[in-house]
Amino acid sequence: MSGEAVGEQPVVIVTGAGSGIGRATALLFAERGHRVVAVDIDARGLADLGAEVVPVIGDVSTAAVNEAAVAVALERFGRVDALVLNAGIGGTPPLSAEGAVERADRILGVNVRGPIHGLRAALPALGASRGSVVFTASVAGLRGDTGNWAYNASKGALINLVRAFALDYAAQGIRINALAPGLTRTAITANVHRDPEFLAALERRIPLGRFAEPREQAEAIWFLTSPAAGYITGTTLVVDGGIDADLGILPLPHTPS
Ligand code: NAD
């Protein structure tokens with residue numbers, strides 16, 4: 001590690017911190033006394049995160065931006081205690097569409113190669129702090145959705161990656177888990193909120209009857225990185241209002257009571 005540890009405040013790197021779940025996470029950790037390095041491809045979302053938050057602008061699918069984020073954390077604060085690899089994109093086309101494979105490459109590049117680069121860049125610092133990592137997967141990584149194959153593949157990959165990486169780095173005291181959010185009110189789902197009928201239909205299919213707020217996902221990330229989760233590694237915490245609990249078959253109109 002380069003740099004001297006400055007003070008006792010823990011340090012977190014959050015990717016995709018310009019919007020939605022990542023933004024809520026950066027703000028929550030800052031509020032609770034962490035120093036925050038916030039990474040996003042879109043500079044606008046990083047502009048007003050507050051004085052405790054250091055922005056790094058760039059594409060997480062590259063090694064360079066992940067290495068830059070770790071370098072900034074070490075130079076400014078001397079350590080990395082938590083790594084939240086959260087940046088992600090959707091936008092799966094039909095497989096038969098022009099450019100479908102190239103789009104899938106991009107989705108896998110941001111959603112899977114990004115977190116692999118992120119973890120790789122931070123390993124020495126996380127080993128030094130016996131730190132903890134959260135990958136933002138999705139309930140879309142637990143099952144398939146119609147018309148969402150590339151995103152499903154990327155999020156399913158993250159859920160198995162945390163198992164494999166957790167095994168590889170447990171001996172160094174690094175814990176690695178995934179969060180699987182269900183439907184959450186962010187830019188990714190903004191189109192749904194512009195269509196009240198579609199929104200109501202979706203909400204009827206969520207046992208808790210509503211979308212999550214980004215802060216509710218941030219709280220789960222906070223828990224996974226905290227000492228309270230000190231014996232938890234290689235697992236996925238599902239925060240979905242009950243979506244995954246439902247097989248989706250019953251009740252039918254003729255279901256016997
Ligand atoms: P969001 O669009 O509000 O935020 C995503 C952020 O990631 C944006 O600020 C965007 O600029 C950034 N980003 C995108 N590509 C990037 C890249 N190549 N490099 C750096 N930054 C990049 O969406 P969100 O809902 O907050 O999504 C956060 C994570 O949660 C994603 O991984 C998403 O797949 C996952 N997720 C979201 C939901 C949901 O319903 N919102 C559900 C399950 C999982």
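What pLDDT does the protein average, and what share of the residues score at least 70? In this predicted model, the protein averages a pLDDT (the predictor's confidence in each residue, from 0 to 100) of 95, and 97% of the residues score at least 70. Local features need pLDDT of at least 70 and side-chain atom pairs count only at pLDDT 80 or more, while totals for chains, interfaces and linings use all residues. Residues are numbered from 1 along each chain as its sequence is written, and side-chain values use heavy atoms, with hydrogens and water left out.

**Confidence**
- Over residues 1-6, pLDDT stays under 50.
- Where pLDDT is low, the predicted coordinates should not be read in detail.

**Ligand surroundings**

**Atoms facing the ligand**
- A polar side-chain atom of Thr186 lies 2.6 Å from an oxygen atom of the ligand.
- For Thr184, a backbone N or O atom lies 2.8 Å from a ligand oxygen atom.

**Aromatic pairs**
- The structure holds 3 aromatic pairs (ring centres of Phe, Tyr or Trp, its six-membered ring, within 6.5 Å; planes under 30 degrees apart are stacked, over 60 edge-to-face, the rest tilted).
- Phe29 and Trp222 form an edge-to-face pair, because their ring centres are 4.9 Å apart and their planes stand at 70°.

How values were computed: Contact means heavy atoms within 4.5 Å. A polar contact is a pair of N or O atoms within 3.5 Å; within protein, one must be able to donate a hydrogen and the other to accept it, and residues adjacent in sequence count only if both atoms are side-chain atoms.
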